[in-house]
Amino acid sequence: MLKDKLKTIPHLPGSYQMRNQNNVIIYVGKAKDLKKRVNSYFNRPQVGKTAKLVSEIVDFTYITTATEQEAFILENNLIKEYNPKYNILLKDDKSYPYIEYIKKPYPKLKVSRYLNIKKKDNKTLFGPYPNVYAARKIVNLINRLYPLKKCENMPNKVCLYYHIGECLGFCEKNVDQLKLQTMEDDILSFLKGNDKILKDKIMEKITFFSDNLNFEAALELKKELQFISLVLDKQKVEIHDYVNRDAVGFYFDEGIISVQILFIRNGKIVGGNNDKFYLISDVYDEVNSYLIHFYEKHEIPKEIILPEKLNREILGSILATKTLIPQKGRKKNLVDMAYANAKICLEQEVNIIRQDEKRSVLANEELKELLGLLVLDRIDCFDNSNLFGSFAVSGMIVFRGGRPAKKEYRKFKVSVDKNDDYNTMKEVIYRRYYRALMEKTELPDLILVDGGENQIRATLEVLNDLHLSIMVCGLKKDDHHRTNQLIGENLEVIDIPKSSDLFHYLTRIQDEVHRFTITYHKTLRDKGSISSVLDHIEGIGNARKKELIKNFGSVKKMSEATLEELSSIVPLNVAQNLLSFLEAREKGMDKKEDI
């Protein structure tokens, strides 16, 4: 069927979508010539990740476009829509901090993170700052040196910041406009690259404190000056036009691409971003697509300097910025620097990547073969927890392609409030997959339960009632609470060598679901424990109980608090009663509550 379909593909630009046996899109690509590109997957030997992709392809679809540029845009939209597993391996979606200057209604500085950098009304972004500590320290220092608005809300009258000269008194609405304009000019000039302004301001303050014998404050500012000098003078580039630009370089080896982007702001390299991902398609197309994806979530500079063979025209058009491929000179040196960094990053980490792949992706493939599954992309794993029948909860974790998908973890409060693992499992499995059927969300290829025969039977009973055919296995632990056996759907013990990567992979899954569930259980138990303890104190109702929990968070912290600290929340006599009760509790007079 595929051979006949391959013959019908037109020689046109467009996007193609590879599908597995469940009709799930596992890879989205784009091509200048769809026929040549799609056929290339099947008419030649493949290695690495491409070979694994091809082994899972059962069908493909494609959408033609008028131009290659439209194909890039379509590919990017489809990747966001379907999140195919072979398009996201090893890619990190980092969001870098920026220093944000808010001009109206009142001038203010803060550190912000934007996943989608867009023009903000009355806001100006400076960055990115790969070192978030440095960004925060710079903002704090500017706030100390200049009388910007510090508070979040608008007080009725001027606060302490005004009286110590660190705020112009914006709540009074009679701000000196000349001072305001001078301050804004200084701050924006510094953030655009004029280091001298801030350094002179710090020296002015140091001199003032020294003359007034406040040597402690002067020494503190001297340390700030040294930090600013270290951060801002770290690395300068010999391009003095102060244009914000990025330099791109990439290196390819052993089926993995490393892309390095250097951030150059106001003539200085302020940091960079490196991502590594597996090669599935043409190396240049992969890098072009990666850059489009990257700049959807990061600031687009005024200029992007690219290496040879990347599609400068398409990238410039889609990103709406100036792109160029320098042949010589200082800008070519920047591209060479980005290339060198990309190569170093890949060479340093390729062994780590391979080991991680062996422990996760390849172990997941081994589990698929062992269980006779055609597809094993998603695993749902469940664990139950309770304390003598109280605070019964369950947790579900998800592994995709051998790695945890933490955004899909789920917590369940269980109505079966007794030590009944069988019915607890039935309730949770029913709630999880009945909802999945109603909402038509993705189902797993395998369900793992933390336990043995009882948990497997309970799960299968519910799945049969819901008319779902999903394989179920159990993970049993030994007397030392270590992963011991994999129990199959027919309750047979599946032998796995304990030194194998597969055994360590299953142990990792079991440890992760246990950690996730126990953490949730402890949270509920602590809240319930605090609440039940406070119920015994005369004078503490719901309102005071909420305030105590809000301020102290645990019984232990309440018992460690002073009478003065407690009486700031509740009346003195109530605080005395609370302390007496907690002291008696510590001595074991109420052991039942302590449990």
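In this predicted model, Ser394 is in contact with Asp383, Asn384, Arg410, Lys411, Phe412, Val414, Thr424, Val428, Thr517 and Tyr520, leaving aside its neighbours within four places in sequence. Ser394 belongs to strand 13, which covers residues 390–400. Its relative accessibility is 0%, so Ser394 counts as buried. One of the residues it touches, Asn384, is joined to it by a polar contact of 2.4 Å between the two side chains.

The largest nonpolar core has 31 residues, and those with the most contacts inside it include Ile99, Leu109, Ile142 and Ile187.

A second, separate core of 24 residues includes Leu376, Ile397, Leu446 and Phe503.

Leu109 is in contact with Ile99, Glu100, Tyr101, Val139, Ile142, Asn143, Leu148, Ile187 and Leu191, with neighbours within four places in sequence left aside.

Helix 13 (residues 330–359) packs with helix 14 (residues 361–371) at an angle of about 20°, and their axes are 3 Å apart. Helix 13 is therefore roughly parallel to helix 14. On the helix 13 side the contact involves Asp356, Glu357, Lys358 and Arg359, which meet Val361, Leu362 and Ala363 of helix 14. By class, the residues of this contact are three nonpolar, no polar and four charged.

Definitions and conventions
Residues numbered from 1 in each chain as written. Predicted model: local features only at pLDDT ≥ 70, side-chain atom pairs only at ≥ 80, totals over all residues. Heavy atoms only, no water. Axes fitted to C-alpha atoms, helices over the stretch in contact; angles between N-to-C directions. Helix = DSSP H or I, 4+ residues; strand = E, 2+ residues; numbered from the N terminus. Parallel < 35°, antiparallel > 145°, perpendicular 65-115°, else oblique. Contact = heavy atoms within 4.5 Å. Nonpolar A, V, L, I, M, F, W, Y, C, P; charged D, E, K, R; others polar. Buried < 20%, exposed > 50% of the residue type's maximum accessible area, 1.4 Å probe, protein only. Polar contact = N/O pair within 3.5 Å; in protein donor to acceptor, adjacent residues only side chain to side chain. Core = buried A, V, L, I, M, F, W, Y, C linked by side-chain atoms within 4.5 Å.
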